[in-house]
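Welcome! Take a moment to look it over before reading on.

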Amino acid sequence: KLMEQYQVEYLTVNNEPDKYFSEQTSWGSKEQINNYLADFFVSTTLSAKEDFKGKLINKITLVRQHDQRVIDASLQNVDIAGVDVGPPMGGMSIAEYEQWFEDYQFYATAAQKKGIPWMNAEYWQYDFDLSDPSQFNKDNQLKYAKISFDAYLNTNPKGLGYVWNDFRTFSLEPNGEATRQEIKKFFGEMG
């Protein structure tokens, strides 16, 4: 009722449940956890559809590491398939970072096969300690953000949306303002 009162149009029913389930290894074998996760994706979206009349989005992360049945379950009963890609910047090369964003094309293709549009449901560079950010993070935030932007813009079929979830990085100089300006440009290119 509250969502209807505020005219909420889209609801993300599952926010990376795959991450939660995969970290709970004491719950069983990988096979059992995948079964739980597949059931969870399907049952939570069905439950949400009982009361919510808007559009539903699922959000999965580390998509290429999942069994096909988990990927398929993340695509059931949703209006938009959402994928989260946002590895920490530090500790990996540009080439390694770029490989993470192959998840966009992988998931877009999976969603297309099911007849569902897709989106980047979250990108974040890292939870920076703004009291003492590394020089690497200050110097490279823009370069790494552009990797995500370029991968998103080059994915086919095109995505329906892009969630930037790291506004604190704008305070990291020297590139905070440059990052903000690049985000404005990117969202303008999305149309």
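How many bridges join strand 3 to strand 4? In this predicted model, four bridges link strand 3 (residues 80-84) with strand 4, and the two run parallel.

| Strand pair | Sense | Bridges |
|---|---|---|
| Strand 3 and strand 4 | parallel | four bridges |

Stepping back, five strands make up an open sheet in the order 1-2-3-4-5, with parallel pairing. Strand 1 (10-15) and strand 5 are found at the edges, each with a single partner strand, so one side of each has no neighbour in the sheet. From one strand to the next, the twist averages 25°.

Is strand 4 (residues 118-123) largely enclosed or open? Six of its six residues are buried, so strand 4 is largely enclosed by the rest of the structure.

**Helices around it**

Now find helix 3 (residues 30-51), which lies across strand 1 and strand 2 (55-61) and runs at about 150° to strand 1.

Next, turn to helix 7 (residues 135-153) and helix 8 (residues 176-190), which pack at an angle of about 10° with their axes 9 Å apart. Because of that angle, helix 7 is roughly parallel to helix 8. On the helix 7 side, the contact includes Leu142, Phe149 and Tyr152, and on the helix 8 side it includes Ile183, Phe186 and Met190. The residues of this contact divide into eight nonpolar, three polar and three charged.

**The nonpolar core**

In soluble globular proteins, nonpolar side chains tend to be buried together. Which residues touch the most other members of the largest nonpolar core here? They are Tyr104 and Tyr123, in a core of 38 residues. Several elements each supply at least two residues of this core, among them helix 3, helix 6 (102-113), strand 3, strand 4 and helix 8. The largest share, six residues, comes from helix 7.

Key:
Residues numbered from 1 in each chain as written. Predicted model: local features only at pLDDT ≥ 70, side-chain atom pairs only at ≥ 80, totals over all residues. Heavy atoms only, no water. Axes fitted to C-alpha atoms, helices over the stretch in contact; angles between N-to-C directions. Parallel < 35°, antiparallel > 145°, perpendicular 65-115°, else oblique. Contact = heavy atoms within 4.5 Å. Nonpolar A, V, L, I, M, F, W, Y, C, P; charged D, E, K, R; others polar. Buried < 20%, exposed > 50% of the residue type's maximum accessible area, 1.4 Å probe, protein only. Pairing = 2+ DSSP bridges. Core = buried A, V, L, I, M, F, W, Y, C linked by side-chain atoms within 4.5 Å.
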